[in-house]
Amino acid sequence: MSRFSWGRSCSVLACGLALGGCSTVATAKPAIGDGVLKSVYIATQPVVETSQTEPPEPTPFLTRRPPETPASFAFPTPIPSPTSAWRPPPYPVPWALTPDDHFYFARPIPSGEVNWPNPTYRYGSTFFGQETIHTGVDLDATRGTPVLAAGPGEVVWTGYGLYRGVADENDPYGLAVAIRHNFGYEGQTLWTVYAHMASITAWVGQHVETGDELGTVGDTGHTSGAHLHFEVRLGDNRYFDTRSPELWMVPPEGWGVLAGRIMGSSGQLLPEELIQITSLDNGQRWELWTYAKETIHPDDAYGENFVISDLPMGAYKVTVSFSGRGYSTQLYLMPGRTNLVMFKGWDGFVPVTTATPDTSGPPPYP
Ligand SMILES: [Zn+2]
């Protein structure tokens with residue numbers, strides 16, 4: 001199956017409204033575990049636990065080479081967004097049930113609006129054969145929807161020009177806000193970026209708290225329609241220093257996140273492989289692709305090359321294709337945390353030793 005068969009609509013840093021390719025719409029209210037999630041734990045030393053005897057090869061990412069001129073693209077006709085997609089309220093932030101979890105950020109779009117990632121254009125995906133890779137997620141809220149600070153910190157950028165750091169009305173991010181958060185991760189600073197806004201009410205130097213309004217959703221910059229492009233940056237406030245926001249935005253209550261490390265037989269991450277996920281509870285299906293290579297970083301804790309958030313807790317089948325043969329594994333997706341699967345070439349899916357939830361301690365920002 002061609003990876004370009006879904007008719008994605010995208011720009012250099014953000015994409016349009018193509019939501020028709022796969023479904024993330026919840027159809028039934030999930031049950032919430034019996035007191036499993038009463039308290040949280042923030043890790044200071046996340047550990048990647050695997051059952052492998054050999055570590056995977058270093059991931060071949062990080063080509064620090066910005067295009068000289070941000071690309072411009074033509075877009076297909078956007079496909080309308082789904083009209084209903086029920087979500088429970090989110091867990092409080094910060095939220096971490098295991099030492100590996102780091103759900104430090106709230107959704108930057110209010111509950112009741114579309115505040116989950118566009119499933120056809122996730123972090124690390126490409127489009128139309130372009131060598132441009134998505135460095136964030138797109139939340140398809142409508143024009144004028146408030147854009148909210150995902151966590152506390154200081155506003156360090158407002159306006160046009162974020163990509164190069166100088167005023168530029170042709171900047172692909174359009175009107176954008178960047179926040180340097182007053183907490184970090186593993187000794188590194190965290191930023192979040194909010195792009196394509198219609199208006200900005202925040203100002204540089206402003207201290208914001210989680211949920212403070214920064215402005216409104218729009219379609220400025222390179223985009224085919226109104227939505228919020230949201231990035232998480234770690235270590236440096238640059239296009240080249242992003243991580244998947246789906247590992248940082250807190251899940252809805254009773255829902256979880258699935259990350260995967262899809263590798264060849266020697267442990268190298270395999271780019272742009274199709275992943276199929278099927279709920280064994282109701283048959284709902286999702287499809288996504290492993291990360292393309294450049295400008296994308298696997299998470300420091302998971303080393304993943306795909307992530308899908310907002311999955312109701314429950315039983316799932318995960319299928320990948322390797323050398324012309326399909327491989328499947330089944331898992332029970334635990335709520336409120338990131339669940340990890342690993343595939344290693346001829347070995348197929350290999351066991352993952354998951355971190356044990358720790359219910360001690362308050363949940364301060366690290
Ligand atoms: Zn985007």
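Q: How many helices and strands make up the secondary structure of the chain?
A: This is a predicted model, in which local features need pLDDT of at least 70, side-chain atom pairs count only at pLDDT 80 or more, and totals for chains, interfaces and linings use all residues. Residues are numbered from 1 along each chain as its sequence is written. Helices (H or I, at least four residues) and strands (E, at least two) are DSSP runs, numbered from the N terminus. On that basis the chain has zero helices and 17 strands.

Q: Which strands stand at the edges of the open sheet of four strands, and why is one side of each left without a neighbour?
A: The open sheet has mixed pairing and the order β13-β10-β16-β17. Two strands pair if DSSP finds at least two bridges between them.

Q: Which residue of β13 is the bridge partner of Trp 255?
A: Strand β10 (residues 255-263) pairs with β13 over five bridges, in the antiparallel sense. The partner of Trp 255 in β13 is Pro 312.

Q: How many residues of strand β7 are buried?
A: A residue is buried if 20 or more other C-beta atoms, placed from the backbone, lie within 10 Å of its own. Strand β7 spans residues 213-217 and is mostly covered. Of its five residues, the number buried is four.

Notes: A residue is buried if 20 or more other C-beta atoms lie within 10 Å of its own, exposed if 12 or fewer, and partly exposed in between; C-beta atoms are placed from the backbone.
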